[in-house]
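Subject: A structure to look at, with notes on its core and pockets

Hello,

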Amino acid sequence: ILTLKIIKVTFDVVLVFLSLFVLLFMFVSVFNINKDIVFGTVNISKENKEIVLNNTTPTTINGMTLKLQPKYVQANYELNLPSQRSKVIMYRIFFYLSLNLSLLFMIFVLFQIRNIINSVIKSKKKAETQFKYRVFSQKNLKRMRYIAYGFILMPIIEFLSVWIDDLFLQHYVIFKGFNVFSTMTYSDISWDYILIGLMFFALIEVIRQGIAIQDEND
């Protein structure tokens, strides 16, 4: 039980640190002095053709010059939209939440695991309670389901983030003769998380059925 308490305290410290970090980052990023500015990074392509860079690329090899012809270039942008302050604030909140999406998901998973460990510690003090009821209680199975739901929802949220970001860029970030799109593409979405979530659900159902069978045998 001492080991479990040490693990729980470690989880508590990590959760507090990560939560404070995210809150501080969001506060500094979103609620700064000038709320009319939107800034970010975009990929720019030229009608699906290669973009020719006229500048030569420095090289350490004597007598050699290189010319890059990428299919897209990455650029930082800054917009001043004083007439649409509400949209600017909403987009900036969305943008920074998207940046911290993986970290927020980690906090959520750690919080659920921390609660599972805490429930085991509390029930472990009752000597008459069997181990299977301490670990695989209905509350803990529900927490495991929350984790499974989180894995399935993550790719969906990422998909919406890319879609909203592309929609905003197409409407506000315009370069004549160029295509502008988000630095994160639909292929970058963690689609494998859905498989992990489904495997979690299958494991939870196996555990639930195993407990029910064991109860009947007892």
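The notes below go through the core and then the pockets. Please keep in mind throughout that this is a predicted model.

I began with the largest nonpolar core, which has 25 residues, and the residues with the most contacts inside it are Val42, Tyr77, Leu79, Tyr91, Phe168, Leu169 and Val173. Two or more residues of this core come from each of the helices α1 (2-30), α2 (85-99), α3 (101-124) and α5 (138-172), and likewise from the strands β1 (37-45) and β2 (73-80).

I then turned to the empty space, since rolling a probe the size of a water molecule over the atoms shows where such space is left. The largest pocket holds about 290 Å³ of space, and among its 14 lining residues, Ser98, Leu99, Asp165, Ser182 and Met184 lie nearest its centre. The elements α2, α3 and α5 each give two or more residues to this lining, which by class consists of 6 nonpolar, 6 polar and 2 charged residues.

The second largest pocket has a volume of about 240 Å³, and the residues that line it are Lys87, Met90, Tyr91, Phe94, Ile164, Leu167, Phe168, His171 and Tyr172. While α2 and α5 each supply at least two residues of this lining, α5 gives the most, with 5 residues. Sorted by class, the lining of the second largest pocket has 7 nonpolar residues, 1 polar and 1 charged.

Best wishes

Notes: Residues are numbered from 1 along each chain as its sequence is written. This is a predicted model: local features need pLDDT of at least 70, side-chain atom pairs count only at pLDDT 80 or more; totals for chains, interfaces and linings use all residues. Side-chain values use heavy atoms; hydrogens and water are left out. A nonpolar core is a set of buried Ala, Val, Leu, Ile, Met, Phe, Trp, Tyr and Cys residues joined through side-chain atoms within 4.5 Å. Buried means under 20% relative accessible area, exposed over 50%, partly exposed in between (1.4 Å probe, protein chains only). Helices (H or I, at least four residues) and strands (E, at least two) are DSSP runs, numbered from the N terminus. On a 1 Å grid over the protein atoms alone, a cavity is a set of points where a 1.4 Å probe fits but cannot get out, and a pocket is an open set with protein on both sides within 12 Å along at least five of seven lines; lining residues have an atom within 4 Å of a point. Grid points are joined across faces, edges and corners, and a volume is the space filled by probe spheres set on the points. Ala, Val, Leu, Ile, Met, Phe, Trp, Tyr, Cys and Pro count as nonpolar, Asp, Glu, Lys and Arg as charged, and the others, Gly among them, as polar.
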